Amino acid sequence: MAQSIADRRDQDFLLHEVLNISDLSKHEIYEDFNKKTIDLVVNEARNLAIKEILPTQEDGDKNGCVLVNGQVSPPESYRKAYNLFCEGEWVAMCDDPKYGGQGMPKVLSMVAGEMFTGANCSFLMYPGLTHGAGKLVEEFGTDEQKRKYLKNLYTGKWAGTMCLTEPSAGSDVGALTTSAKRNGDGTYSISGNKIFISGGDHDLTENIIHPVLARIEGAPAGTKGISLFLVPKYKIKPDGSIGERNDVECVGIEEKMGLHGNSTASLAFGSKGNCVGELLGEENKGMKAMFVMMNEARLGTGLQGFGFATTSYINAVNYAKQRVQGTDLMKMFDKNPESVTIIKHPDVRRQLLSMKAYVDGMRTLIYYTGYLFDKVKTAETEADQAKYKGLIELLTPVLKGYCTDRSFEVCTQGIQVYGGYGYIQDYPQERLLRDCKITSIYEGTNGIQAMDLLGRKLGMNKGKHFMDFLGEMNKTIAAAKEIDMLKDMAARVEKAVNRLGEVAMHMGMTAMSAKALDAFATAHPFLDVTGDVCMAWFELWRAVVAAPKIATAKKKDEAFYVGQVKTAEYFTTYVLPLTFGKMDALTAGVPAIMEFPEEAFAG
Ligand SMILES: Cc1cc2nc3c(=O)[nH]c(=O)nc-3n(C[C@H](O)[C@H](O)[C@H](O)COP(=O)(O)OP(=O)(O)OC[C@H]3O[C@@H](n4cnc5c(N)ncnc54)[C@H](O)[C@@H]3O)c2cc1C
């Protein structure tokens with residue numbers, strides 16, 4: 001069975017009927033992006049994903065990366081795909097054309113990203129990290145650094161990485177020990193070991209630029225004393241050409257559960273005392289700079305998780321429509337009951353609808369957040385701009401945490417729908433699950449995301465971002481109340497939004513009280529219910545757009561629109577009641593978590 005990726009009809013519905021992104025073309029900076037151009041970009045991305053990236057999946061998973069004499073070779077099939085990816089100028093789709101970008105709306109990078117990661121995430125990580133490194137140079141680099149690095153990164157001629165993690169500095173980045181010593185000529189000697197560096201070494205490009213967090217000798221302990229350096233694999237000559245090898249060595253690559261096609265490298269910086277780096281941004285302000293990259297990477301990681309879910313879902317639907325097994329439950333006592341495809345079985349339908357509800361909801365959350373970036377750029381007033389920025393701040397940990405957790409569950413269901421065939425390697429479902437797992441761990445584990453939501457984002461700007469979030473949801477509820485078919489649904493979502501407001505207030509107050517630990521012990525379930533209510537909001541929004549079109553739609557579209565309303569009905573009648581239960585548990589408190597004696601866990 002040929003594999004597929006993201007549901008194109010649903011992508012178009014979201015872009016053109018729900019978000020109406022071609023409205024962006026009214027603004028000067030996006031005037032070229034009318035519906036026709038947008039569709040062209042989506043078509044091109046889809047072609048590349050299906051024809052060139054999807055076929056690299058098996059090679060990546062089965063053959064993985066190889067380390068010989070300190071040099072990593074990625075799976076062979078990645079080379080052609082990488083070159084085509086760069087030729088198509090996909091690395092910096094949304095960035096400034098003066099630096100080699102294409103100046104597209106950010107929302108389009110989410111759409112393309114869904115298809116690219118859904119086709120093969122371990123491949124996409126190479127150009128994805130390269131873009132992140134470029135963004136750092138664009139934001140914090142001097143003119144000289146931009147000239148030296150940016151175009152080469154944004155065109156994919158050189159690759160980039162992100163070097164934070166060390167054996168004793170994982171979630172606690174401030175514990176890092178990599179050091180930097182001033183050389184007196186403006187450069188620094190870097191010394192230390194980084195582990196788990198994605199795309200840390202490979203030969204897809206002529207050079208790799210490593211943004212490295214390190215502490216300048218004498219700098220304060222913790223995150224306050226961290227600076228950011230650019231450390232090239234090959235030194236760069238004054239004329240911009242490649243010079244001698246820098247003292248950065250790949251000393252190992254990890255054997256891991258998934259993402260085999262992406263090298264996860266241990267890098268030794270300065271083991272021969274000759275690793276030269278240059279400061280990016282100000283001394284001791286490295287974390288601030290790195291947060292720019294991490295925020296982008298968090299959205300990217302949520303998108304990665306989702307890419308696996310959307311592929312797993314579309315595979316499951318296609319499989320369920322073809323696999324013949326068992327008979328219609330209502331005809332099981334017939335003499336010779338006809339065998340049916342498994343999509344006819346109620347339990348399979350339940351699973352598919354659950355997968356669809358999360359996939360549709362997550363797609364909306366991801367595209368909507370991408371669109372908020374475009375709205376920041378095109379806002380008419382400063383107040384609007386601040387509002388959109390605030391919504392991005394608030395939604396970032398939700399998007400990363402919720403989408404990666406739910407996507408893993410969707411991938412699990414994606415195996416279940418296939419039965420035994422889902423568990424074996426002849427089919428893609430087990431790989432999608434394996435690849436997906438890391439997304440809830442890297443870029444700040446989901447536990448850290450939950451703490452970010454509760455400890456920082458909820459109270460940010462005196463709670464205004466959260467209030468704006470509730471306000472946006474209430475707009476959709478008001479629109480739904482105007483449509484007869486959706487009145488009950490609107491009431492259910494309204495109740496959930498109001499209850500979420502109460503829960504947030506309770507959690508925020510508890511986090512600032514003597515019971516702070518109890519609040520943080522349930523930060524993750526709080527992120528979870530926030531995500532659930534988001535899903536309900538977005539599905540209601542979809543239903544508001546779809547419901548009025550049902551009566552006049554052509555047959556195929558009619559089914560699609562009915563599907564939107566039914567998905568929202570399913571989620572609000574079946575999932576939301578569970579969310580209410582979880583919200584009640586959060587306000588009641590779960591003191592047992594912190595009261596539990598450590599010795600009693602085991603032993
Ligand atoms: C395949 C792969 C690719 C990676 N790519 C990169 C990369 O490109 N660059 C890079 O720098 N790193 C990378 N990493 C590292 C990754 O970001 C870290 O593994 C992650 O940040 C967690 O750190 P840790 O593994 O040390 O776990 P720990 O920090 O030891 O965490 C263990 C557990 O404790 C919890 N925990 C820790 N501290 C807290 C706290 N304060 N409060 C609550 N809970 C806490 C965590 O949530 C987790 O459940 C990669 C890792 C892998 C496996």
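In the contact between helices α7 and α8, residues L299, G302, L303, F306, A309, T310, S312, Y313, A316, V317 and A320 of α7 meet V348, L352, M355, K356, V359, M362, R363, I366, T369 and F373 of α8, contact being heavy atoms within 4.5 Å. By class, that comes to 15 nonpolar, 4 polar and 2 charged residues (Ala, Val, Leu, Ile, Met, Phe, Trp, Tyr, Cys and Pro are nonpolar, Asp, Glu, Lys and Arg charged, and the others, Gly among them, polar). The model is a predicted one, with local features needing pLDDT of at least 70 and side-chain atom pairs counting only at pLDDT 80 or more, while totals for chains, interfaces and linings use all residues. Numbering runs from 1 along each chain as its sequence is written, and side-chain values use heavy atoms, leaving out hydrogens and water.

As for geometry, α7 (residues 286–322) and α8 (residues 346–378) pack at about 145°, axes 10 Å apart. Helices here are DSSP runs of H or I with at least four residues, strands are E runs of at least two, and both are numbered from the N terminus. Axes are lines fitted to C-alpha atoms, for helices over the stretch in contact, with angles from 0 to 180 degrees between N-to-C directions. The crossing of α7 past α8 is left-handed (near helix turned anticlockwise from the far one by less than a right angle; clockwise would be right-handed).

Then there is α4 (residues 78–87) against α5 (residues 106–140), with an angle of about 85° and axes 11 Å apart. That makes α4 roughly perpendicular to α5, a label covering 65 to 115 degrees. Y78, A81, Y82 and F85 of α4 touch F116, N120, S122, F123, L124, Y126 and P127 of α5. This contact has 9 nonpolar residues, 2 polar and no charged.

On to the voids: 2 cavities reach 30 Å³ or more. A cavity is a set of points on a 1 Å grid over the protein atoms alone where a 1.4 Å probe fits but cannot get out, and lining residues have an atom within 4 Å of a point.

Key: Angles under 35 degrees count as roughly parallel, over 145 as roughly antiparallel, 65 to 115 as roughly perpendicular and the rest as oblique. On a 1 Å grid over the protein atoms alone, a cavity is a set of points where a 1.4 Å probe fits but cannot get out, and a pocket is an open set with protein on both sides within 12 Å along at least five of seven lines; lining residues have an atom within 4 Å of a point. Grid points are joined across faces, edges and corners, and a volume is the space filled by probe spheres set on the points.
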